[in-house]
Amino acid sequence: MIVFSVFYPATAGARFDAAYYNATHIPLVEQAFKSTGLAAVQVFHGLSAGDGGAAPYVAMAHLNFESADALQASLTGPRAAEVFGDIANFTTIQPVTQVSAPL
């Protein structure tokens, strides 16, 4: 399993439409990438930092793929541009991504 994580850093003055993200963007991601190996998606809203301070991220999504090849097939596949193009519809934040695997 490979996890593609997308983090949206809390940024002063930035826009993040959580309702659109949950109702439109995440279903788009699931529809676009399921056929190329997306196995599951988890979405989280930042509540606070570990010390109780402000959350460093507004939101994060963890996309589980069957393999590294499945991740690449999704990120370079025919619907990738549609998924990435939709980001401007819900945020002005530049997302930070990370690819991870279980230890």
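**Notebook: rings, sheet and pocket**

I started with Phe 90, which is buried, with a relative accessible area of 0%. I'm working from a predicted model here.

Entry 1: I looked up Tyr 20 and found it partly exposed, with a relative accessible area of 22%. Then I checked the aromatic pairs, and the count is nine. Tyr 20 and Phe 90 make one of these pairs, and theirs is stacked, with 6.2 Å centre to centre and 25° between the planes. The two sit in distant parts of the chain, 70 residues apart. I found Tyr 20 in helix 1 (residues 18–33) and Phe 90 in the loop between helix 3 (80–85) and strand 4 (96–100). I also noted that Tyr 20 and Phe 90 belong to one aromatic cluster together with Tyr 8, Phe 16 and Tyr 21.

**Entry 2: another pair of rings.** How are the rings of Phe 33 and Phe 65 set, stacked or tilted? Their planes are at 50° and their centres 6.4 Å apart, so I put the pair down as tilted. Phe 33 lies in helix 1 and Phe 65 in strand 3 (residues 57–65), so this pair ties together parts that are 32 residues apart in sequence. I checked burial too, and both Phe 33 and Phe 65 are buried.

Entry 3: Four of them form an open sheet in the order 2-3-1-4, with antiparallel pairing. Which strands stand at the edges? They are strand 2 (38–45) and strand 4; each has a single partner strand, so one side of each is left without a neighbour in the sheet. From one strand to the next, the twist averages 15°.

I went through the pairings in turn. Strand 2 is joined to strand 3 by seven bridges, and the two run antiparallel. Here I saw Phe 44 standing opposite Met 60 in strand 3. Strand 3 also pairs with strand 1, again in the antiparallel sense, over eight bridges. In that pairing Phe 4 stands opposite Leu 63 of strand 3. Strand 1 and strand 4 run antiparallel and are joined by five bridges, and I found Ser 5 opposite Gln 98 in strand 4.

Entry 4: I wanted to know how many residues of strand 1 are buried. Eight of the eight are, so strand 1 is largely enclosed by the rest of the structure. I also sorted its side chains by direction. Ile 2, Phe 4, Val 6 and Tyr 8 point one way, while Val 3, Ser 5, Phe 7 and Pro 9 point the other way.

**Entry 5: the largest pocket.** Last, I looked for open space. The largest pocket holds about 190 Å³. It is lined by 17 residues, and the closest to its centre are Phe 4, Val 6, His 25, Val 83 and Phe 84. Where does the lining come from? Strand 1 (2–9), helix 1, strand 3 and helix 3 each supply at least two residues. Helix 1 gives the most, with five residues. What classes make up the lining of the largest pocket? I noted 15 nonpolar residues, two polar and no charged ones.

Conventions:
Residues are numbered from 1 along each chain as its sequence is written. This is a predicted model: local features need pLDDT of at least 70, side-chain atom pairs count only at pLDDT 80 or more; totals for chains, interfaces and linings use all residues. Side-chain values use heavy atoms; hydrogens and water are left out. Rings of Phe, Tyr and Trp (its six-membered ring) pair if their centres lie within 6.5 Å; planes under 30 degrees apart count as stacked, over 60 as edge-to-face and the rest as tilted. Helices (H or I, at least four residues) and strands (E, at least two) are DSSP runs, numbered from the N terminus. Buried means under 20% relative accessible area, exposed over 50%, partly exposed in between (1.4 Å probe, protein chains only). On a 1 Å grid over the protein atoms alone, a cavity is a set of points where a 1.4 Å probe fits but cannot get out, and a pocket is an open set with protein on both sides within 12 Å along at least five of seven lines; lining residues have an atom within 4 Å of a point. Grid points are joined across faces, edges and corners, and a volume is the space filled by probe spheres set on the points. Ala, Val, Leu, Ile, Met, Phe, Trp, Tyr, Cys and Pro count as nonpolar, Asp, Glu, Lys and Arg as charged, and the others, Gly among them, as polar. Two strands pair if DSSP finds at least two bridges between them. Axes are lines fitted to C-alpha atoms, for helices over the stretch in contact, and angles run from 0 to 180 degrees between N-to-C directions.
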